[in-house]
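Subject: Structure for your review

Dear colleague,

Please find below the structure that I am handing over to you. I would be grateful if you could read the notes after it with the model open.

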Amino acid sequence: MVTVKAGSRPPWVGLGAAVWVQIAAGNAYTFPLYSHSLKSVLGFNQRQLTMLGVANDIGENVGLLPGVVCNKFPPWVVLSIGAFACFIGYGVLWLSLSRTLQLPYWLMGLWFALCVATNSSAWLSTSVLVTNMRNFPLSRGTVAGILKGYGGLSAAVYTEIYTTALHKSSLELLMFLALGVPVICFTMMYFIRACTPASGEDSAQHGHFLFTQAASVVLGSYLLTTTIVNDIFSLGAPISYAFLVAMVVLLMAPLSIPIKMTLNPTNRSKSGVLNLPVGASETTLQGEENAERTEPLLTPSSSTASLGSFHKNDSVSEIDMLLAEGEGAVKKKRKPRRGEDFKFTEALVKVDFWLLFLVYFVGVGSGVTVLNNLAQIGIAQGVHNTTMLLSLFSFCNFLGRLGGGTVSEHFLRSKTIPRTIWMTCTQVIMLITYLLFASALDGTLYAATALLGICYGVQFSIMIPTVSELFGLKHFGIFYNFISLGNPLGAFLFSGLLAGYVYDNEAAKQQGMNLLSSGVTCLGPDCFGLTFLVLAGVCGVGSILSLVLTLRIRPVYEMLYSGGSFRLPQNSDH
């Protein structure tokens with residue numbers, strides 16, 4: 001059993017520290033910053049480069065093992081494993097790019113090293129996300145939006161460091177990732193711990209969340225502004241480093257909440273704590289005790305009262321067993337209902353679980369295809385400064401993640417509208433955006449990149465709280481990481497197999513060279529035209545599936561958020 005820290009301040013200390021770890025976990029987003037060096041120095045063609053992009057996404061999202069480990073060990077163990085993977089993986093990449101070590105491409109080579117390096121993201125992100133979702137179980141959408149929002153900003157943070165402190169050197173960037181990320185993890189791991197969650201909403205909690213969200217928006221706006229200024233003007237080293245210091249100060253803003261709580265303590269008697277084991281979901285907003293999945297047959301269950309007609313089909317006749325129960329201890333076992341804690345095997349047979357997986361696969365799988373090839377897309381359409389494109393995508397990705405969690409939480413509590421309706425809306429917009437990319441009209445590249453970044457970010461902040469609400473927090477780490485496999489699967493199918501082939505084939509036509517020749521550059525809309533049309537069609541299917549999922553789970557959310565407050569049916573143990 002993981003030790004639980006009591007008190008109202010430790011969860012906010014953990015959230016402030018988690019922001020730094022979440023930024024560190026975004027190291028996989030740096031691939032576009034050094035991919036061009038891998039291609040030119042090591043002589044890769046575009047198909048080989050896109051397969052490295054697939055390795056980048058596989059490592060980042062294969063997190064089933066972290067999901068299991070975080071249920072067995074405290075967060076510092078998970079963070080330590082992630083830091084070690086980061087050091088080994090990026091260290092090997094640095095040795096290869098510096099020509100210190102000659103490595104093969106596939107197994108035990110660059111591809112595998114990149115998988116190991118970016119798999120650190122899965123360990124770091126799982127640790128802070130699972131811990132903070134359990135520390136703030138009544139504000140899951142908000143917490144997911146904040147943490148994933150900062151994760152979306154990580155690309156801009158790394159870009160700022162890359163252009164200012166590392167002088168746009170891919171070698172120095174890889175060295176920074178190999179050493180800097182572990183240092184951050186070892187510094188912050190003490191503060192990220194399981195805490196006793198509040199049973200009711202603290203009167204100041206809403207204000208604290210608003211402050212954290214506002215701080216992240218200020219940071220995102222600042223990063224975008226400094227990137228534009230650096231791109232337009234030639235700034236001296238002192239000004240550039242001043243920008244970097246200001247960025248670090250803004251990253252520390254969430255830590256001001258526990259400092260304020262220490263200096264100005266207030267009475268929080270209205271807010272109790274949930275007396276729950278780590279990993280278990282709360283039973284109701286008022287903090288009822290955990291209940292077993294065995295129900296006395298004479299006693300009406302509280303979950304039946306909460307669900308009303310929604311679970312009429314789940315009830316069974318108990319008349320035949322009343323006499324036996326009256327003599328004492330006859331109990332009825334039942335399967336979990338949506339909203340309770342599921343085992344992994346129980347969730348796998350649910351249609352809603354696979355619908356959510358497919359919808360997420362379409363949204364992030366298509367979006368990451370553009371992200372992995374963003375530099376080549378920009379060059380193909382005549383934009384050679386692709387750092388600006390990456391910063392724009394990063395900022396809009398952050399807005400989508402933060403806004404998706406906040407907006408879905410608002411409409412869920414006020415109108416009981418399922419979060420997944422926002423996946424439907426954004427995937428329709430993504431369909432239009434891919435058609436804009438395919439058209440390659442003048443002036444549309446930046447607008448399409450911004451729209452795609454927002455819609456891509458929404459997929460993360462909607463999936464995370466949705467899976468916890470439908471299938472519980474007890475095994476949330478496993479569910480979250482399994483559905484996250486949609487990202488590398490989409491990258492493999494749409495980026496590795498489709499985009500890389502179309503690009504190299506078109507480049508060979510333009511250059512009159514062999515398809516497998518290295519260093520071939522493709523120019524014009526045909527380089528990715530077919531890829532974008534396929535992605536648009538896929539998003540059309542995804543929007544239909546997400547609409548079906550929304551209609552199916554609407555009754556669940558009407559039960560969970562009836563009256564605007566969060567409720568869960570009775571918990572269950574297995």
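The notes below go from the overall fold to a salt-bridge network, a further salt bridge, a helix and a surface patch.

This is a predicted model, in which local features need pLDDT of at least 70 and side-chain atom pairs count only at pLDDT 80 or more, while totals for chains, interfaces and linings use all residues. Residues are numbered from 1 along each chain as its sequence is written, and side-chain values use heavy atoms, with hydrogens and water left out.

Overall fold. The protein has 22 helices and two strands (DSSP runs of H or I with at least four residues, and of E with at least two, numbered from the N terminus). Of its 574 residues, 58% are buried (buried is under 20% relative accessible area, exposed over 50%, partly exposed in between; 1.4 Å probe, protein chains only). Among contacts (heavy atoms within 4.5 Å) between residues at least 6 apart in sequence, 84% join residues at least 24 apart.

Salt bridges. The count comes to five (a side-chain nitrogen of Lys or Arg within 4 Å of a carboxyl oxygen of Asp or Glu). E409, R413, R419 and E469 are linked in a network of such bridges. E469 pairs with R419 at 2.6 Å, N to O; this joins helix α19 (residues 445-471) to the loop between α17 and α18, 50 residues apart. R419 counts as buried because its relative accessibility is 0%. E409 and R413 form a salt bridge at 3.0 Å, N to O, and both lie in helix α17, four residues apart. E409 is also buried, at 6% relative accessibility.

D352 is buried, with a relative accessible area of 2%, whereas R552 is partly exposed at 37%.

Helix α3. The 16 residues of α3 (residues 46-61) should span 22 Å at 1.5 Å a residue, and the end C-alpha atoms are 23 Å apart, which agrees (the expected span is 1.5 Å times one less than the number of residues). Of these 16 residues, 13 are buried.

Surface helix α5. Helix α5 contains F87, which is partly exposed at 40% relative accessibility.

Yours sincerely
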